[in-house]
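The structure is shown first, and the description follows.

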Amino acid sequence: MEITSRIDASTALPKKYRWGVFPGVSVGWRVSQEDFFKEAVPFMENLKIRASAGRLGSDRAISNTMTYFSTASLSTDPIVLFGNTPQKYLSISRPVNPLLKWELTDTYNVGIESSMWNGLLGVELDVFYMKTTRSLESQSASFPPSLGDYYPAYTNYGSHDNRGFELVLTHHNCIKNFSYNVRGNISWARNKILKMTEDPNVPNYMRSTGRPMGEYWGFVAEGLFQTEEEIAHSAVYGPTLPGDIKLKDINGDGKITYDQDRVPIGRSSTPEMMFGLNIGAEWKGIDFSMLWQGAALFDVNLCGMYANVGYDNTFYTKPFYCDGNTPYYLVENSWRPDNPDAEYPRLGIVSRDNGGKMSSWWVENGTYIRLKSMQIGYTLPSQWVTPAGIKKVRFYVSGGNLLTFSHLKHLDPEMPSVNQGYYPQQRTYELGLNVTF
């Protein structure tokens with residue numbers, strides 16, 4: 001058993017709640033060392049059961065320190081008249097929140113470690129649950145403008161949880177001169193918003209409470225407009241022409257509005273599932289290694305999603321965006337009168353305000369599996385090199401990112417959500433020689 005604790009202080013919190021104590025405890029039981037287990041399960045040389053629980057605090061959501069101060073300041077320019085004399089005005093900052101506390105995250109974990117049949121099978125499994133309470137939330141959009149922006153900037157209100165598991169399986173074996181090992185791992189984690197500040201006037205289908213964090217929200221795309229007549233008889237968001245994206249009228253009021261017709265249109269860009277497979281082998285001086293890596297249960301939005309400004313066009317959705325190059329596939333497969341079943345909307349270099357860039361049209365399944373690396377080497381027999389005063393000579397050939405299987409035909413599936421300036425991972429080949437004296 002191990003018990004730990006830490007004490008932290010934050011300049012972003014008021015004096016009464018500035019200090020926080022965050023304990024943790026972990027216990028383990030190596031069952032395989034018990035006499036009764038050795039007799040009952042002789043093929044299992046190792047079995048350990050462990051559990052842990054702990055608490056951490058965070059103040060990272062607060063953008064400025066010392067938010068518990070309420071201060072006054074003079075305006076830069078004299079813009080208030082008293083009689084005939086312009087005067088500077090006295091501005092009061094937002095009121096303090098004397099009850100502001102640490103955001104808390106409680107973590108619980110249960111796991112097992114085991115190996116059987118002299119390494120033929122190894123298992124490591126962890127199951128975890130995390131819950132964050134007293135989330136520090138900004139209130140900038142929670143009150144009507146009539147209040148004059150005079151309310152505390154932050155409050156402890158929200159909560160969310162995260163649960164999942166991680167499984168690692170290993171296998172080691174040796175058959176005469178041939179030895180090999182296999183290691184596979186898979187992890188899954190899913191979060192959910194339990195409580196957060198939301199506008200009480202929005203429809204239930206637009207609420208984030210009860211849904212995963214980081215989802216893409218926007219309009220549902222129903223295809224491309226083909227004629228002016230079709231546009232005239234459809235709900236639109238802004239100026240629209242044939243070849244633009246047709247949006248779904250969620251609430252059926254005959255128009256597309258940002259406040260009423262947005263719904264979840266894609267998973268978060270953070271994968272819920274990660275997996276990998278590592279294989280290695282040796283035989284008479286020849287060695288081989290290979291690493292596969294992949295991720296699933298996440299989406300990629302080609303328009304990009306900026307946390308502070310929302311959706312924007314990118315190179316993949318707008319020709320010559322920011323004076324950059326345009327992908328050939330975007331030009332070839334765009335809508336034209338002679339190509340009505342196009343994969344992409346009509347081309348245009350002017351930013352459109354018809355809501356298309358905020359739609360599900362640009363959301364792609366990000367699932368991928370990639371041959372991350374592979375290497376084949378050969379070590380010369382020691383009797384060949386020892387007379388020359390050399391201890392070891394090894395030749396090898398290796399490669400990186402050799403194969404990728406993905407729904408994204410032309411893009412790197414590991415790219416970030418906003419990938420301006422991101423350089424795709426390259427396929428590499430290497431021929432090498434290692435000499436040890």
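## Cavities

The structure holds 2 cavities of 30 Å³ or more. It is a predicted model, and the description below refers to that model. Rolling a probe the size of a water molecule over the atoms shows where empty space is left.

## The largest cavity

The largest cavity has a volume of about 240 Å³. Its lining comprises 18 residues. Of these, Asn313, Thr317, Pro345, Arg352 and Trp362 lie nearest the centre of the cavity.

By class, the lining of the largest cavity is made up of 8 nonpolar, 5 polar and 5 charged residues.

## The second largest cavity

For the second largest cavity, the volume is about 30 Å³. The residues that line this cavity are Phe225, Ala235, Val236, Tyr237, Thr240, Ile245, Leu247 and Asn354.

The lining of the second largest cavity contains 6 nonpolar and 2 polar residues, and no charged residues.

## A nonpolar patch on the surface

On the surface, a nonpolar patch is formed by Ile175, Phe178, Trp283, Ile286 and Ile376. Together these residues have about 450 Å² of accessible area.

One of the members of this patch, Ile286, is located in strand S17, which covers residues 286–296. Is Ile286 buried, partly exposed or exposed? With a relative accessible area of 36%, Ile286 is partly exposed, because this class lies between the limits of 20% for buried and 50% for exposed residues.

Conventions:
Residues numbered from 1 in each chain as written. Predicted model: local features only at pLDDT ≥ 70, side-chain atom pairs only at ≥ 80, totals over all residues. Heavy atoms only, no water. Patch = residues over 30% accessible without salt bridge, like charges linked within 9 Å, V, L, I, M, F, W, Y side chains within 5 Å. Areas by Shrake-Rupley, 256 points an atom, 1.4 Å probe, with all protein chains shown as cover. Salt bridge = Lys/Arg side-chain N within 4 Å of Asp/Glu carboxyl O. Helix = DSSP H or I, 4+ residues; strand = E, 2+ residues; numbered from the N terminus. Buried < 20%, exposed > 50% of the residue type's maximum accessible area, 1.4 Å probe, protein only. 1 Å grid on protein atoms, 1.4 Å probe; cavity = no way out; pocket = protein on both sides within 12 Å on 5 of 7 lines; lining within 4 Å. Points joined across faces, edges and corners; volume = space filled by probe spheres on them. Nonpolar A, V, L, I, M, F, W, Y, C, P; charged D, E, K, R; others polar.
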